[in-house]
Amino acid sequence: SRIFVDSKARGRYTLESVKPADNVIFAATGTGEAPHNAMTAELLRRNHQGQIVSLVSVRYRQDLGYLSAHRQLERRFAHYRFVPLTTREAENTDTDNADFVGKLYLQDVFSSDALSDRLGWEPDPANTHVFLCGSPLMIGVPAHGADGDVFPIPTGMIEVLTHRGFQPDHPRVPGNVHFEKYW
């Protein structure tokens, strides 16, 4: 069956605010990777000059459905990097495993001192946009309280990024942390 999709993207989860030299980080869990893949393709099609990193956290490596495509992009574009993370492989759960690293959640990676090693550069809120898509627990959208934002438990990416100097994007207050509230 045919379906019509308007020729112009609407909503706030778009690349509209990303300038050609800005750095872009896509952080996703599971199927949240899909819109980021389309956005990555668009940036590369535009000859985007800034760094582009896609981090995807899944339970098992076999859940990385686009791994070979990401590796091809890394070979073709020096400014693109793909960082897969897992939570249920032996190196994530078995402390006796020689390669044990523990569960790798996006929030933990962004809270760690090793973030710049994983990305290949240090993210700076002055020139970096972060796009979050996937589990609401990973995103961690705060509630607006009388005394300011109230972050959910467990800690989500928005709180982690706020502590790093990033600002959530809102209709009246543009920021550099973009996220979808869809589930």
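Tutor: Let's take the sheet, then the pockets, then a few local details. This is a predicted model, where local features need pLDDT of at least 70, side-chain atom pairs count only at pLDDT 80 or more, and totals for chains, interfaces and linings use all residues. Residues are numbered from 1 along each chain as its sequence is written, and side-chain values use heavy atoms, with hydrogens and water left out.

Student: Okay, in what order do the strands of the open sheet go?

Tutor: The order is β3-β2-β1-β4-β7, five strands with parallel pairing. Strands here are DSSP runs of E with at least two residues, helices are runs of H or I with at least four, and both are numbered from the N terminus. Two strands pair if DSSP finds at least two bridges between them.

Student: Which strands stand at the edges?

Tutor: β3 (80-86) and β7 do; each has a single partner strand, so one side of each has no neighbour in the sheet. On average, neighbouring strands are turned by 15° against each other, direction ignored.

Student: And how many bridges join β2 to β3?

Tutor: Seven, with the two strands running parallel. Ile52, for instance, has Tyr80 in β3 as its bridge partner.

Student: What does α2 touch on the sheet?

Tutor: Helix α2 (residues 67-76) touches β2 and β3, and its direction makes about 150° with that of β3. α1 lies across β1 (23-29), β2, β3 and β4 (128-133), at about 160° to β1. Contact means heavy atoms within 4.5 Å. Axes are lines fitted to C-alpha atoms, for helices over the stretch in contact, and angles run from 0 to 180 degrees between N-to-C directions.

Student: Switching to pockets: what volume does the largest one have?

Tutor: About 490 Å³. A pocket is an open set of points on a 1 Å grid over the protein atoms alone, where a 1.4 Å probe fits, with protein on both sides within 12 Å along at least five of seven lines; lining residues have an atom within 4 Å of a point. Grid points are joined across faces, edges and corners, and the volume is the space filled by probe spheres set on the points.

Student: Which residues lie nearest its centre?

Tutor: Thr29, Gly30, Ser57, Val58 and Ser135, out of 23 lining residues. The elements giving two or more residues to that lining are α1 (33-45), β2 (52-58), α4 (106-111) and α6 (136-139). The lining divides into nine nonpolar, ten polar and four charged residues. Here Ala, Val, Leu, Ile, Met, Phe, Trp, Tyr, Cys and Pro count as nonpolar, Asp, Glu, Lys and Arg as charged, and the others, Gly among them, as polar.

Student: How about the second largest pocket, what lines that?

Tutor: The second largest pocket has 13 lining residues, with Arg12, Asp169, His170, Pro171 and Phe179 nearest its centre, and its volume is about 220 Å³. Strand β7 (residues 177-179) gives the most to this lining, three residues.
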